[in-house]
Each structure stands twice: as C-alpha cells, then as structure tokens.
There are 2 protein chains.
Amino acid sequence: MAERLAGKPVVEKIAEELGSRIGSLAERGVECGLALLRIGERPDDLSYERTAVKRAESLGIKLRRTVLEDGASQDEIEAAIDGINRDASAHGCLMFRPLPGDIDEQAVCDTLKTEKDIDGISSAALAAVFMDRDFGFAPCTAAACMRMLDFYGIPLEGAHVVVVGRSLVIGKPIAMMLLRRNATVTLCHSRTKDLASTMRAADIVVCATGRARMFGPDCFSPGQTVLDVGINFDDDGNLCGDVDFDAVEPIVGAITPVPGGVGSVTTSVLMAHAVEAAERSVGV
Amino acid sequence: MAERLAGKPVVEKIAEELGSRIGSLAERGVECGLALLRIGERPDDLSYERTAVKRAESLGIKLRRTVLEDGASQDEIEAAIDGINRDASAHGCLMFRPLPGDIDEQAVCDTLKTEKDIDGISSAALAAVFMDRDFGFAPCTAAACMRMLDFYGIPLEGAHVVVVGRSLVIGKPIAMMLLRRNATVTLCHSRTKDLASTMRAADIVVCATGRARMFGPDCFSPGQTVLDVGINFDDDGNLCGDVDFDAVEPIVGAITPVPGGVGSVTTSVLMAHAVEAAERSVGV
C-alpha cells in the first residue's frame, strides 16, 4: 500500500501560514485583495470560482469579481485587465482559462502586470521560471506540486523525475522548478517512445496529460512517488486523474489521489501567491 | 568509425542561402547591419570578434563596432545598447559575454530591443523559446545545434535526447527546441546521479558543460549521435570539447569534432539571424 499524499494537510498548513501573514498585513492597514476575471459561464470556470471564493472568504482575502459576457472582444477583455492593473486593492488576479472564441489569449495574459500575475500566465512570469529569476509567480498547479513534494519530504536533489505533459501550465514550468532543485528531469509527451518503461525508471513521476486513467500499472515501479495532476471525468462522469489509482496504488511508494490531491492544493497556492503579492506591494 | 559531423558543409550551406537573401535585401536598398558590443579586451571576446568580423565581411554584412573600456558602468553599457536600439542601420546586435565586474548582466540584456536580439539574450527572447512562440531569436549556439542535426538528417521525432548542462545559453533553450520537434528530452547536470548510464541510454547526446574532455567512452553507446558544444583548452593549451573525442569516436554512430563542429556553425547562425532581423525590419 502506497503512502497517500493527500492535499488536506498541505492545505491546512498553508492556511495556518497565511492566517498570520494576513494578520500582519491587516496591522499595516492592508487588506489582501484578489481579482477574479471570468468570461462567460463555463461550468469548469464556475466550479473553480466557487472553490476560490470559499477559500478566499475563509482566509479573509477580499474578492473583486469581474464577469464579461461570452463573446466579449479582445479590447473588452484587455480593458478589464487594465482595470485590475489600476485597482490598488487587487493585489493579484486569477483569470479563468482557456478564453472562449478566437481571442489572442497570450496578448490578454501579457496585459496583466507581472506583479499581479499570481498564476504565472504572462510571458514575463514564464520567462522568470525558465531563467530561475526571483520575481513574478510560477503557475499555481506547478507550484502546488512543489508544495506537495516538500510537505511530504520527497528528496529532489539528484532525483530522476519524469514529467509527462509539456504544457506551460504544468509540464514545462515544473521541469524548470525541479531542475532548480537539482533534480534530473525527463520531459515526455504524446510522441514519446517507450513511455511506460521511461516512467518506470524514474524516482518521481508527474502525470499531467489530462487524459482519464491513461496510466496503468505497467507505467510504474515499486518505491516511486507519483503526482497525478489530471482532473478528468471518466465515461461514467466520475472525477478521476491521469493515473488508474486503484491499479497503481498497490505498486508505488507514494501517490496523490484525485480528487483530494494536487488539485486541492492549487487554490491554496493561489491564495498564498495573492498574499505574497500584497506583501511585496508594501515591501514586506 | 563514427560519421564525423563537420561544421564546414553546414557553414557553406548557410553562406549560400544568405548570399541570395542578402542580395534580395540589397535590391530593396537594405544593407544588412550587425552591431558588435564589446567591453574590455578579453582574449575570448577578441577571438570571437575576429571570427565574426571575417564572416560578416565575407558575406557583405556591414559591421558597426562599439568598444567600451573594461570598468564601464551599468549606465554606460546600457547607453551603448540604447544607441544600437536607435541605429536603424544595425539590424542585430552581438554583445560579448560574460560582462566584466559587478554589472547586472540581465538588466543590460533586457535593454536590447527584442527584434535586434539575435543571440537570444533578453528575457523576451528566452520567454519565446520557452513558450514556442515565433518571435525573437534563440541563442545562437542552441540554434547551431539544431542546424547541425537537421543538416545531417538526424531524426528528432520521438528520439530520446540527453542534454548535459542547464545553462540559458545552450542547455535549457535546446531542450525546448528539441521538445518542440517532438523529441523526449532529459536535462542532466553536475548533480545528476548515474550520469554515464543515463547518457548511454539516449539516441542523441548534447554535451554542454564546458569541462575539457569530461566524457569518456563509458558515457556512450553504439549508434548514438553526439553533439559536443564545449570549447575548452586542456592542460597543454590544446582546444578540445567536453568529449574525449579520440576515445569516443570509435564507439558512437556520429559525432561533432572540436574544433570544426558546432562552434564553427554558431557564427554562421549569428549572421543568419542578422539577415532575418533585417528581413523582418522591412517586412520580408
């Protein structure tokens, strides 16, 4: 039986840390503010928003919501971002993605001020991740994976990590973050040959393909740590990860469940980034 | 005996391509211009400069040289870059690095306009490499490696490439460029465990550590393609790569020599980038 790397204690630890930091900010007269920007009414966005609202309220982070109609133009979306840039009470911004229609999403992302980009969506934030520079914020999901690994004391120095998936939301940024911690990193994807044997050879595997239960027991070996970043629905409408948890869990050393794993920590990391943005704004 | 992946035919092919493109630019009244910025008189810089001058002259690319004294201040160096940014006759800029003293090198690099940054030294150019975006230019050495692989018809799709070295000049950018071509990429470095066996398992190995003859026959296996990016001097003052060429060449399938390999192509790629910058400046 693998160690179950649950998100809950990580979420609790972050909440505890943030509680005192939000308190210190309040003593300086600063109320940490988070702007949410949503276009349209996609169920995924609404679901993430509900979680974010709940978490922010429980921590005492003030929310400022901007909702545009599905069909909003490039100019309208960029104007909304500009409003958030100019709003001194919003220290960070979460924009739900992907944006609908034929919007140039990266142009929108690059409109957001780097210091408010708490989900690492702008080119400047991603450049900082690539270049190991200490400004901006990494994408929350990648940062959540690092939090999980650190919380559970998984050694990274010299570890061989296989990352499956090469997106800018998770695969590429976590590869850079792991490299910075002196892990050896292999980036795999849909065109990788011998994927299962490559995965089996790793100390740590990060699965981030977004394909329901894609990885079965043939992809894993005893003692491995598995981070399952996928949030998918199977044919029966059940929430599941990229890993076939029931089949894989008896084999590996440690594994994150879905739900209740990495995904549950992501919202906490978003809040932590918002608090850090507020701290940086007053020079803490 | 391995196939010897010499730089010369690649250099010749690039020169041929550039000849006709420089001709087309001339017909439009555009003389391709390259600015060189050197601080001090480091022998490495002077050597690279001589090569660049010779190559530019042979192609008909106009050079504009700016030399500052060793000890130039941050402001003076940034002012020089600013002059190059404003000089319409300079389409690209090569600044010799590393900069001496306690200069904030990245701040200097980020002063250069992205469209003139033909060696991928600015954050914007590196972000584009990380994000697979088609603007800016990749670092020349990484681009030279890709040119070599393509010239010699080495298949990249699905290939497993081990990159040793994680610098922003070569290791990280080439990893992204290979990933874009659907290779599976493992990034290794000084803290990698079992480095030799990891290297032996690859289809292609890129050695970019800058340590003279660090990699012997134990690191390689039959059929592999080896790109040796190192330009080092051994204890006897002889130019050599990161690979112990004489010992490794009998084992592998193909290998770049040092000198006469990747390094010799880098200057040609710099010229190709300058020509492309000139073309982009007039909307070709």
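**Entry 1: the two annotated spans**

How much of residues 139–281 of chain A is helix and how much is strand, and how far apart are the end C-alpha atoms? I found 36% helix and 17% strand over residues 139–281 of chain A, with the end C-alpha atoms 20 Å apart; helices (H or I, at least four residues) and strands (E, at least two) are DSSP runs, numbered from the N terminus. I noted that this is a predicted model, in which local features need pLDDT of at least 70 and side-chain atom pairs count only at pLDDT 80 or more, while totals for chains, interfaces and linings use all residues. Residues are numbered from 1 along each chain as its sequence is written, chains are lettered from A and ligands numbered from 1 in the order in which they are written, and side-chain values use heavy atoms, with hydrogens and water left out.

For residues 5–119 of chain A I found 48% helix and 16% strand, with 23 Å between the end C-alpha atoms.

**Entry 2: salt bridges**

**Entry 3: where chain B meets chain A**

I looked up the contact (heavy atoms within 4.5 Å), and 29 residues from chain B and 29 residues from chain A take part. The two chains bury about 2,700 Å² between them, 59% of it on carbon and sulfur atoms; buried area is the accessible area (1.4 Å probe) that two parts lose on being put together, summed over both. In chain B, F130(B), M131(B) and K172(B) lose the most area to chain A, together 25% of what that side buries.

Between chain B and chain A I recorded six salt bridges, and D110(A) forms one with R133(B), whose closest N and O atoms are 3.7 Å apart.

Last, I checked the strands: β6 (residues 184–188) of chain A and β6(B) pair in the antiparallel sense over three bridges, where pairing asks for at least two bridges found by DSSP. V185(A) has L187(B) as its bridge partner in β6(B).

Methods:
A salt bridge is a side-chain nitrogen of Lys or Arg within 4 Å of a carboxyl oxygen of Asp or Glu.
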